[in-house]
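Take a look at the model below. The report starts from one residue and then widens the view.

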Amino acid sequence: MRRGRAATALCAALLLASAALAAPFEDPVRDARVTHLDNGLTVLTLEDHGTPVVSFQIWVRVGSGDEARWSGLAHLFEHMMFRGSKHLGKEEHSRLIEERGGQINAYTTRDQTVYFTNITPEHLPLVVALEAERLANLDVSEESLADERQVVIEERRFRTENDPQGRLFEALMATTFQAHPYRVPTIGWMSDLEKVGVAECREFFDEYYAANNLVVSVAGDFDTEELLGLLHRHLGGLRRAEHIERNPTEEPPQRGERRATVRHDVVGPIVAMAWHAPPTGHADAEALDVASEILSSGRTSRLYRALVYDEPIALGAAGGYWELARAGLFFTWAQVRPDASAVTAEARLVREIERLRSEPPSEAELAKAKRALEVGLIAGQGSSHALASRIAQDWISFGRIRPLDERLAAIRAVDAEDVQRVAGTWLVPTGRTVVQLLPPEPGMEPAPGSGGPPP
Amino acid sequence: MRPVRPAARLAAAALALVCAGCGLFAKPAWERPPPPPRATDVVPEERLHREELANGVRVLVLEDPRLPAFALGVVTRRGAGIESPAEAGVASFTAELMERGAGERSALELAGIVDALGASLEVGSDWDAMSARVSGLSEDGDALFDVLADVVLRPRFDADEAEKVRSEHIAALRQAADDPATLLGWHFAKTLYAGHRYGVPEAGTPETLARLDGAAARAFHRRVFTPAASIVYASGDFEPEALLERIRTTYGAWQGPPPPELGPPPPVPAARRIVIVDRPDLGQAQVALGHEGIARTDPRRLEAQLLNTALGGGGFSSRLMGRIRADEGLTYGIYSQFVQRHRPGPFVVSTFTRVPKVGELLGGVLEELERVQAEPPSEAELARVQSQRSGQFALALETSREVAGALVELDIYGLPPDSLDTYRHRVWAVTPEQTAAVARELIDPARCSIVVVGPAEALRPQLEPFGPVEVVEP
């Protein structure tokens, strides 16, 4: 359905706006290869000898959105993957990579967990051997969990309790989603981090870290046949899971505006809003991306003009479409000036969203937004890390690697009516969630257990 | 396994290859010595062009046709560091105003051109330099070249835009204090550098910003954006000869005063101060400790960098990360740094932990600073950080934009232009005696000032064992 609509619109757009299109160039991922090992492990390879660097990534199809009982387990487990294995002590994996000049780290999202090593290519055999060691022989002990639990609790305090934006974002997700597991913060709720045990970590590993739930993605300066040989030898024996449990809960339709307030010791309030939007791969995705750019891209964008430049309401304001595997969000936010009001900021954000719904953008605005998306796509292909990430994300989301031309064509196919139509479909007032982060008012008592003394 | 020097490493690697050829891996990869690094050119000389124009403008152009995009910029060798404390913030004020109207175009007209091309225009400043840069698709190169020339050579500094920017910067400063880490940085600088420009936030204060207007920005622009202090650089996909010709024509006729003098060197703090910035609402305290450090051009900078990599600048494998994060679970991150500017910046260790653990954490950090002197990196530990730095170096120069950026950075400080080519050799030439010497010369735990952002009531008893405590308002 999506391709059909895009193709028709593409013809129209080519007639209207061909002068504004970027000249074609060769997609750096055109020669990417997909290999499946017998145990179900998928390997994506993109050989490019341009610079002597290689990015080796393992994408695990598990994120906080899969958690059913213990929030934060996917992320806490990501930390445990660095705490040692049968043959290696804690953090020794990182040390071995770093002392060869490599960068090693990992991150967890609502949909996946990603481990990456960027390094000069002569060390690739070591990288593969180390990944195989921790996947086969990870050691999750009471002692290592006790230390790492504290590290993650400090990370949570740093990113959420102490950070106004972190606080706001947590409240926004928890209010926008009431049933869907995306409501839960990826870092986890504090009480779960304090209590989750070794048995749960081991179960989690057994459930999700199976060969057929992993995608290995490698881009940069290496020899594909050599690498595949290494992967066969080291990861070919990894077990396959017969069944992988997913959290099945979906979000019921929202039936009216939701609001929340967070009090935090700030001088500058923050206002954020979210609407439910389609998951990744939906036919409306590109039009929603264009709407994001119209709102947010550059000093001529609507939100910068309305909230920062024309009237002194906010220090920054933007919006965007956030596509996740199972549900999407469209959001806007404003960092309100200490000398302005959150109420005014909210009214301006609503006004700009309503404007998207009530009239199509001008041709100039549309062309500008599409151009910004195109340039971003083309210029974002520079590093092997970016390329390995791109092919892995595509594979996980779509089961294939989308050619750059296809993505560019889909962007170019968006017309002004598309933008108005998707805004009309998704950005409805009764589906809106508004969260304001405000300073405490004089004399206000903090809620029991909320930490701080009265302001 | 113990990393070894390159010569020994080569022989060991050859041996490992023989074993690999037998098809039998007696040992796992992490117990075998690392293979020798590949010999690669750091700077692709055939794609690099440098020259100096008659008026002193230096030009650096690095061609890379792999993506149809490019970046073009002008960087000056002076920044906020030349401001007096009373005019703090004029560099960032000037930078923002340069984006708000140039040549024939108003702020919105200028933004309109850039946004219509999906391009970007960024003017910024830091302590040591100012920078104006355009980037976008190569086919828009001519239009973006003209935008940059207007912004650098013909900024308008309209009075109404100056009013807007001043108001925005004052509001932004007030709001920035909502972030405990930002607050920590300001108070740490103030504690170390009272009375010096480095003791005032780079973006200024509400008081210094209140005095700024379009005329102040115009005057500062004229001082700093001057040919003898400027570097014009480009990287990406373009026709190098045509671009160079346009640069010569446009920037060759530029006239201006000689580069401004550097600001005075900062004073050396006499003794430890302990400051609590009282934020009763915080459950996690932000912590910084340190003292004076070295300038970017200090002859000991490489030894200092290697020592710091071992101590706390080396990702997950540094001494501080190993102890404070991995062993003790006290923090999510801890880093040490010699902040290097035209003038000596601080040596600083920064981290955060839950409020009841601040005293314990500080004790651990100070012990590690003492230990780095009593037990400086051994030959093996030094070899690990040498290997780490030389490998990271290759990674940091993956794209042409990164290579051009590194070359421009050297030029800002007048460091030798071949520094990138010689870097790995110089790293491997450092001896354990040299890093031990800089540990003694450049680190002094007893003189480290300590600044903590958090609830004073709970922090005071934990900090008093380290010396007299001052409590200040945020």
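## One residue at the meeting point

Leaving aside residues up to four places away in sequence, A:Val267 touches A:Pro338, A:Pro439, B:Arg174, B:Gln175 and B:Asp178. Touching, or being in contact, means that the C-beta atoms of two residues, placed from the backbone, lie within 7 Å. A:Val267 sits in the loop between strand E7 (258-263) and strand E8 (270-277) of chain A. Helices (H or I, at least four residues) and strands (E, at least two) are DSSP runs, numbered from the N terminus.

A residue is buried if 20 or more other C-beta atoms lie within 10 Å of its own, exposed if 12 or fewer, and partly exposed in between, with C-beta atoms placed from the backbone. A:His243 is 24 residues from A:Val267 along the chain, yet their C-alpha atoms are separated by 51 Å.

## How to read the model

This is a predicted model: local features need pLDDT of at least 70, side-chain atom pairs count only at pLDDT 80 or more, and totals for chains, interfaces and linings use all residues. Residues are numbered from 1 along each chain as its sequence is written, while chains are lettered from A and ligands numbered from 1 in the order in which they are written.

The term pLDDT is the predictor's confidence in each residue, from 0 to 100. Chain A has a mean pLDDT of 92, and 93% of its residues reach 70 or more. Residues 1-20 of chain A stay under 50, and the model has 18 contacts for them beyond four places in sequence. Where pLDDT is low, the predicted coordinates should not be read in detail.

## Where the chains meet

The contact takes 68 residues from chain A and 62 residues from chain B. On the side of chain B that touches chain A, several elements each supply at least two residues, among them helix H3 (107-116), helix H5 (159-176) and strand E12 (344-354) of chain B. H13(B) gives the most, with eight residues.

That side of chain B divides into 28 nonpolar, 21 polar and 13 charged residues. Here Ala, Val, Leu, Ile, Met, Phe, Trp, Tyr, Cys and Pro count as nonpolar, Asp, Glu, Lys and Arg as charged, and the others, Gly among them, as polar.

## Two chains in outline

Chain A has 16 helices and eleven strands. Its C-alpha atoms fill a box of roughly 65 × 60 × 40 Å, taken along the principal axes. A compact globule of 455 residues would have a radius of gyration near 23 Å, and the 24 Å of chain A agrees. That radius is taken over C-alpha atoms, and the globule rule is 2.2 Å times the number of residues to the power 0.38. Of the 455 residues, 53% count as buried.

Chain B has 17 helices and 14 strands. Its C-alpha trace spans about 65 × 65 × 35 Å along the principal axes. For 474 residues the globule rule gives a radius near 23 Å, and chain B agrees with 25 Å. Buried residues make up 50% of chain B.

## Two domains in chain A

Chain A is divided into domain 1 (33-235) and domain 2 (256-438). These bounds come from an automatic or database domain assignment. The C-alpha centres of the two domains lie 29 Å apart.

How many residues of domain 1 of chain A are in contact with domain 2 of chain A? There are 31, and they meet 25 residues of domain 2. Helix H6 (164-176) is one of the elements that give two or more residues to the domain 1 side. H6(A) provides the largest share, eight residues.

Helix H4 (residues 124-137) of chain A has 14 residues. Eleven of them are buried, so H4(A) is largely enclosed by the rest of the structure. The buried set includes A:Leu124, A:Glu131 and A:Arg134. E3, helix H3 (92-98), E5 and helix H9 (224-235) of chain A are included in what covers them.

Helix H14 (residues 384-398) of chain A has 15 residues, and at 1.5 Å a residue they should span 21 Å; its end C-alpha atoms are 21 Å apart, which agrees. The expected span is 1.5 Å times one less than the number of residues. Among the buried residues of H14(A) are A:Ser384, A:Leu387 and A:Ile396. The buried residues of H14(A) pack against E2, E3, E5 and E6 of chain A. Just after H14(A), A:Gly399 takes a positive phi of about 70°.
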